Amino acid sequence: MEKEEIISSGILELYAAGAASPEEAAQVAGWCAQYPEVAAELLSIEKAMEAYAMAHAVSPRAGTKEKLIASLNIPADQQSSKIVKMAPRFNMAAAAAVVLLIVSAVFNYIYYNKYNALEAQNKAQSQQLAQLNNHMTDMSRDMNLVRSKYSLPVSLNGLKDAPDAAAKIFWMKNTGEVYVDPGNLPMAPKGMQYQLWGMVDGKPVDGGLITSKDGKTYSIQKMKTFGRAQAFAITLETEGGHPQPKGTMYVMGNI
Amino acid sequence: MKEKSGCRILHPDSKFILPLPSNVKYSEEELVALLREQDQGAFSYLYDNYAAALNGVITRMVTEPQLAEDILQEAFIKIWNNFAQYDNTKGRLFTWMINITRNLTIDTLRSKGFKKQQKISQDENSVSGYGDRSMSAERFDSIGLKKQLQYLKPDQRIIIDLAYFNGYTQDEISKEMSIPLGTVKTRMRSAIMELRKLL
């Protein structure tokens, strides 16, 4: 029989209702093993029948369960002794499992705390390392600048408005790149910014704005490139700078 | 309570442990696995959840309360002792249990001298006098499905009940309902299809 035929025949229903002949019951068992669809159909039928039986349930008299349990003891001696024999093994296993669980929990707790501490430490250290790395990069760049055989240092000295101020220019003779070390300039007030000028044939040419990464210190930075210049100067301008110097000149130096 | 083997909580007289938290709910697979290991807690659960449904079948055929109780007990003892014979590839646990209960009830009635004819005639009354049955239905635990079941046609209810609750063979159903033997399967199918729609 095809599975569709089996399903529509009613034999599954008959089986679930308990009215199938032994031959039919054997057939159903075989089909269920062979066709998952048939097994699924039978399952649905059985669930429906189960619900039907539940809807017609009649509670047994009170005390029936206790009597049943008591009556099971006498013929159930074999099972009982089996149970008693097996019990210590299971209990040992259960006890061992509990002990292992507790030990495991304790270790979990310890290692979890350790892990947390180590993680925090690790995080702090990597931050420190990153900072040091940045620092190193800056330093080595600065060092290369200073040590380069092409670099021409130009000292810019303080003028009458800022006698203590000083700055240094590194002018790369081969490329014309200009680096400024404004480390000895006072921090520009809020809204103001230093601007570098190159004096080319007596006229100031914009050399770019000097910036501070953290608003507290100035580090060596690359400015605009000059092919030639006779002098460099730095003025304090309003933020954003100007095409021509307007503010106070702080430092100046001739080449 | 004495302790045996140092740790097992077995009562010296009652080797079965009854209490099981009522909120425990087993899946059919879990329940079967536990019963295969002869787990008493699972047996207790089995009783709590299915005794009333199985008793429903017994009380359909047995009117005498003491006899019904004895049959229910014996059915559970059979279920417990023969659990290894349950084959879950051949159907659900409940189907197996209700088959055991139904067969045991019929066998007991026979051995007590109730002739099959008597049983059938007794059932005839209840089948033909459908009003009587609904009266006895008052005793049944009420579930939502019960209300729904009124939508089943009487013929559909009768064919299900004759087989499922009264253990009629196909032959007996055919005679009882005056339908050809070949029609019993298809009638049963349409009745149970109708029942499934109500669920």
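Select Arg196(B) and Glu41(A): their side chains meet in a salt bridge, with 2.9 Å from N to O. A salt bridge is counted when a side-chain nitrogen of Lys or Arg lies within 4 Å of a carboxyl oxygen of Asp or Glu. The pair crosses between chains, from helix α10 of chain B to helix α4 (residues 36-55) of chain A. Helices here are DSSP runs (H or I, at least four residues), numbered from the N terminus. Side chains of opposite charge can pair when their charged atoms come close.

The model is predicted: local features need pLDDT of at least 70, side-chain atom pairs count only at pLDDT 80 or more, and totals for chains, interfaces and linings use all residues. Residues are numbered from 1 along each chain as its sequence is written, chains are lettered from A and ligands numbered from 1 in the order in which they are written, and side-chain values use heavy atoms, with hydrogens and water left out.

Next, select Lys65(A) and Asp48(B), whose side chains also form a salt bridge (2.8 Å, N to O). Between chain B and chain A the count is eight salt bridges; over all chains it comes to 18.

Now display both chains together. Here 69 residues of chain B are in contact with 55 residues of chain A, contact meaning heavy atoms within 4.5 Å. The area buried between the two chains is about 5600 Å², and carbon and sulfur atoms give 63% of it. Buried area is the accessible area (1.4 Å probe) that two parts lose on being put together, summed over both.

Then colour the side of chain B that touches chain A. How many residues does α2(B) supply to this side? The α2(B) helix gives the largest share, 14 residues. By class, this side of chain B has 34 nonpolar, 18 polar and 17 charged residues. Ala, Val, Leu, Ile, Met, Phe, Trp, Tyr, Cys and Pro count as nonpolar, Asp, Glu, Lys and Arg as charged, and the others, Gly among them, as polar.

Finally, turn to the largest pocket, with a volume of about 700 Å³. A pocket is an open set of points on a 1 Å grid where a 1.4 Å probe fits, with protein on both sides within 12 Å along at least five of seven lines; lining residues have an atom within 4 Å of a point. The volume is the space filled by probe spheres set on the points. Select Gly18(A), Ala20(A), Ala25(A), Asn99(B) and Asn103(B), the closest to the pocket centre of the 30 lining residues. The largest share of the lining, 10 residues, comes from α4(B).

Methods
Helix = DSSP H or I, 4+ residues; strand = E, 2+ residues; numbered from the N terminus.
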